[in-house]
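Here are my notes for you to read with the model open beside you. Take the points in order and find each part on screen as you go.

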Amino acid sequence: YRADNTVFLQETLLLFRQLLAYHDPKLAMHLQNIGFHPDLYAIPWFLTLFTHILPLDKCIPIWDALLVGRDALPQFVALSTMRQMRKLLLPLDFNQCIVLFSHLPEIDIEECLSDAMMNRTPGSIAISKFDDSMSDVSNSVASDRWWECRPPLEELRREVAPRISLHDMLSETQRAEGAVVIDVRSKEDFQTVHFPESVHFNTQKLEDSAVSKLERARGRPIVVVGDRSDDAFVFGSKLVAMGFYFVSVLHGGIDVLLADCGHLLVRKNQPNTATK
């Protein structure tokens, strides 16, 4: 960690909250609805690398894995810990959660370290968005590539669904039973240019036919594409609240698509000849 951990710790908690929403939206929304936020229980987990809640012999395997594993390993350990307590947590109110977290049940460390959630999570979802690791371009980057600027932490705090990079979105759409891409821009903008096989949704009114399309997408990754407004993040939050797993928002939206893979896009009066 760093000399001043304040901002870094805040984003660590934010990343943990978004990973929980990505992998277990029902549990994430329950905890949010009762006001049981990660800063009430998870700060000691990350500051002490779990010595606050685990005996030393169980912490050592975590520390060993951290030396050779992903930077987000502590968040995944915390995520697995929450998932192991899922059945206990879902019926509880705020005060009951406080009591439970004062005396945590036995946690299976091997399950934490071998949890497949790490392998099912696109890399860009599990990295710091506020830190320089997302890009080596400084905040002075030209405004036409605004997505390469580090987003303000206050902006990230409002987002329930995590951001995903263009590279990871393309990878997710190319898998068998790949990601469903939902475009929430205006109908006119969507008809002018959009990602192949993406589906347009009206963010103001979800009609029955649209809900049916969403239901068919359950269990598959969902990537929401928008513009520079908050519409994509608002819609992503709605999907998480509806219990959809693996929801993310394309970082840079339609602008990064136009800039970096414009040749793939479907344009008005142009046949869809793009191939994945």
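1. Let's start with a word you'll need: a cavity is a set of grid points where a 1.4 Å probe fits but cannot get out. Bear in mind that this is a predicted model. A search through the whole structure turns up two cavities of 30 Å³ or more, and the largest cavity holds about 120 Å³ of space.

2. Which elements give two or more residues to the lining of the largest cavity? They are helix H1 (6-23) and helix H2 (25-33). H2 gives the most, with four residues. Have a look for the lining residues yourself: among them are Arg-17, Leu-20, Met-29, Phe-36, Tyr-41 and Val-160. By type, the lining of this cavity splits into nine nonpolar residues, two polar and one charged.

3. Next, the pockets. The second largest pocket has a volume of about 270 Å³. Its lining is made up of 22 residues, and those that lie nearest the centre are Trp-146, Glu-155, Arg-163, Arg-228 and Phe-233. Sorted by type, the lining of this pocket has eleven nonpolar, five polar and six charged residues. Strand S5 (222-225), helix H13 (231-241) and strand S6 (247-250) each supply at least two residues of that lining.

4. Now for the sheet. Five strands make up an open sheet, and if you walk across it you meet them in the order S1-S6-S5-S2-S4, with parallel pairing. Which strands sit at the edges? Strand S1 (163-164) and strand S4 (199-200) do, and each of them pairs on one side only.

5. Strand S2 (residues 180-183) pairs with S4 in the parallel sense, over two bridges. To find the place, look for Ile-182, which stands opposite Val-199 in S4.

6. Last, helix H14 (residues 253-261), where Gly-253, Ile-254, Val-256, Leu-257 and Cys-261 are buried. Why are these residues on the same side of H14? Because they cover an arc of only 160 degrees around the axis. As for their partners, the buried residues of H14 pack against helix H10 (166-173), strand S3 (193-194), S5 and S6.

Note on methods:
Residues numbered from 1 in each chain as written. Predicted model: local features only at pLDDT ≥ 70, side-chain atom pairs only at ≥ 80, totals over all residues. Heavy atoms only, no water. 1 Å grid on protein atoms, 1.4 Å probe; cavity = no way out; pocket = protein on both sides within 12 Å on 5 of 7 lines; lining within 4 Å. Points joined across faces, edges and corners; volume = space filled by probe spheres on them. Nonpolar A, V, L, I, M, F, W, Y, C, P; charged D, E, K, R; others polar. Buried < 20%, exposed > 50% of the residue type's maximum accessible area, 1.4 Å probe, protein only. Arc of directions from axis to C-beta. Contact = heavy atoms within 4.5 Å. Pairing = 2+ DSSP bridges.
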